[in-house]
Amino acid sequence: MSETAAYRLRGEVESPRPLRARAGLVSLTGWCLVEGLAEPPAVRLVTTAGSLALASLFLAPLAWATWPSTPPSARAWAEMAFLGIASSGLGMWMYFRLLRRIGTVPAMSVTFLSPLVAMVSGALYLGEAITLQMVAGCAVVLLGTALSLGLIGGPASKAQARGGA
């Protein structure tokens, strides 16, 4: 039962202000779904800034609880600022440019390479052993990525991926 129906059954009258707010949210959501990536840059900026701000708020108590007894040096603060700007800021900027240029599916497929990078990095930097199961799993991920991007398959599959018959 909807909230409005519950108000009516109890004989209460719902204020029009929440209804207007809900209608605005529904229309904004519908507009974003219809427009897809053609949304205004302000919406992407607010979404990105909001997700980073919420992540910072979530991690703040953990940082406070594990704060070192000696304060970090100026160099450590500078390195942290550089990582925040270069990794998060520049990375998000490059990702949104990539989304605009090549679309969502090819841009998203980059994230499928994370297991491969993690496996190779673990072997190189930490001396971890690479097992047959790990290699097989990476092969499956790479094969699925190539199939989803239309990089492998016959001409018929590439024509279907483009929307042809």
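Author: A definition first: a polar contact here is a pair of N or O atoms within 3.5 Å, where, within protein, one must be able to donate a hydrogen and the other to accept it, and residues adjacent in sequence count only if both atoms are side-chain atoms. T145 has such a pair: a polar atom of its side chain sits 2.8 Å from the backbone oxygen of V141.

A word on the ground rules. This is a predicted model, so local features need pLDDT of at least 70 and side-chain atom pairs pLDDT 80 or more, while totals for chains, interfaces and linings use all residues. Numbering starts from 1 along each chain as its sequence is written, and side-chain values use heavy atoms, with hydrogens and water left out.

Back to T145, which belongs to helix α7, residues 132-149 (helices are DSSP runs of H or I, at least four residues, numbered from the N terminus). T145 is buried at 8% relative accessibility; buried means under 20% relative accessible area, exposed over 50%, and partly exposed in between, with a 1.4 Å probe and protein chains only. Setting aside neighbours within four places in sequence, T145 touches S109 and F112, a contact being heavy atoms within 4.5 Å.

F112 sits in the loop between α5 (104-109) and α6 (114-126), and is partly exposed at 33% relative accessible area.

The patch takes its largest share, three residues, from helix α4, residues 74-102. Just after α4, G103 has a positive phi of about 100°. Elsewhere in α4, R75 and E79 are four residues apart, about one turn. An α-helix has 3.6 residues a turn, so residues three or four places apart point the same way. The side chains of R75 and E79 meet in a salt bridge at 2.8 Å, N to O (a side-chain nitrogen of Lys or Arg within 4 Å of a carboxyl oxygen of Asp or Glu). R75 is exposed at 62%, while E79 is partly exposed at 38%. A search of the whole structure finds one salt bridge.

Technical notes. Helix = DSSP H or I, 4+ residues; strand = E, 2+ residues; numbered from the N terminus.
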